[in-house]
Amino acid sequence: MEQTGLEQIYIPKARFVYWMVMLNRLKTRDRLKAISVIDDDLCPMCGEASESADHIFFRYPWSCQCLRILNSWLGTNISSLSSIKPSKWKVSKFEKKTITTSLCSLIYQIWNARNDSVWNFKLILPSVLMQSVKLEVKHQLYSLYPHCVKDVISLF
Ligand SMILES: [Zn+2]
């Protein structure tokens with residue numbers, strides 16, 4: 001199995017969702033339809049495509065905007081679930097931790113936003129969601145690596 005990068009993740013509540021996404025085990029509508037739990041797998045956010053993990057996190061325009069902000073923030077070029085391969089990134093160990101933790105936080109917060117849109121019929125702006133991601137990542141990394149964060153403080 002491809003290395004998931006889980007050993008790089010320091011946000012415990014987000015680790016589980018990230019792991020489920022990497023293994024394609026999240027209860028997305030395409031999977032629920034495949035096991036006959038539901039009949040309709042249409043994405044609850046856009047209503048224009050089948051709801052798969054790749055659609056929610058990397059294809060839906062709203063999440064694409066979140067991902068663009070993340071890529072521009074970190075200087076990365078992540079475009080799909082299959083492009084998440086921490087073992088192949090040619091960056092320092094701490095940068096790898098920063099990217100993986102950020103991606104994990106993004107995926108967790110997108111999943112929360114998706115659930116909020118399903119249950120409460122509201123969707124926050126990508127820029128607002130990304131502010132939460134940045135704060136969470138900064139807080140998490142700073143509490144564990146205060147001396148290292150100084151080197152990438154411009155990111156925050
Ligand atoms: Zn959609």
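Analyst: Two residues are in contact if their C-beta atoms, placed from the backbone, lie within 7 Å. The model is predicted, and local features need pLDDT of at least 70 while side-chain atom pairs count only at pLDDT 80 or more, although totals for chains, interfaces and linings use all residues. Residue numbers start from 1 along each chain, following its sequence as written.

User: What percentage of the 156 residues in the protein chain is buried?

Analyst: A residue counts as buried if 20 or more other C-beta atoms, placed from the backbone, lie within 10 Å of its own, as exposed if there are 12 or fewer, and as partly exposed in between. Of the 156 residues in the protein chain, the buried share is 29%.

User: With which residues is Leu106 in contact, leaving aside its neighbours within four places in sequence?

Analyst: Leu106 is found in helix α5, and it counts as buried because it has 26 C-beta neighbours inside 10 Å. Its C-alpha atom is 8.8 Å from that of Ala14, a residue 92 positions apart in sequence. Once the neighbours within four places are set aside, the residues in contact with Leu106 are Cys66, Leu70 and Val133.

User: How far apart are the end C-alpha atoms of helix α5?

Analyst: The expected span of a helix is 1.5 Å times one less than its number of residues. Helix α5 covers residues 93-120, and its 28 residues should therefore span 40 Å. The computed distance between its end C-alpha atoms agrees with this, at 40 Å.

User: How is α1 placed relative to α5, and which term describes this?

Analyst: Axes are lines fitted to C-alpha atoms, for helices over the stretch in contact, and the angles run from 0 to 180 degrees between N-to-C directions. The axes of helix α1 (residues 12-22) and α5 come within 8 Å and cross at roughly 85 degrees. Angles under 35 degrees count as roughly parallel, over 145 as roughly antiparallel, 65 to 115 as roughly perpendicular and the rest as oblique. By these limits α1 and α5 are roughly perpendicular.

User: Which residues of α5 make the contact with α1?

Analyst: From α1, the contact involves Lys13, Ala14, Arg15, Val17, Tyr18 and Val21. On the side of α5, the residues are Cys104, Ser105, Ile107, Tyr108 and Trp111.

User: What is the handedness of the crossing of α5 and α6?

Analyst: The two helices pack at an angle of about 135 degrees with their axes 9 Å apart, and α5 and α6 are therefore oblique to each other. A crossing is left-handed if the near helix is turned anticlockwise from the far one by less than a right angle, and right-handed if clockwise. The crossing of α5 and α6 is right-handed.

User: Which residues of α6 does α4 meet?

Analyst: Helix α4 (residues 61-74) and helix α6 (residues 126-144) pack at about 45 degrees, with their axes 9 Å apart. From α4, the residues taking part are Trp62, Gln65, Cys66, Ile69 and Leu70. Their partners in α6 are Pro126, Ser127, Leu129 and Met130.

User: Is Asn24 buried or partly exposed?

Analyst: Asn24 has its place in the loop between α1 and α2 (29-34). Asn24 is not a glycine, yet it has a positive phi of about 50 degrees. With 13 other C-beta atoms within 10 Å, Asn24 is partly exposed.

User: What distance separates the C-alpha atoms of Pro86 and Lys97?

Analyst: Pro86 is found in the loop between α4 and α5, where it counts as partly exposed with 19 C-beta neighbours inside 10 Å. Pro86 and Lys97 are eleven residues apart along the chain, and their C-alpha atoms are separated by 9.1 Å.

How values were computed: Helices (H or I, at least four residues) and strands (E, at least two) are DSSP runs, numbered from the N terminus.
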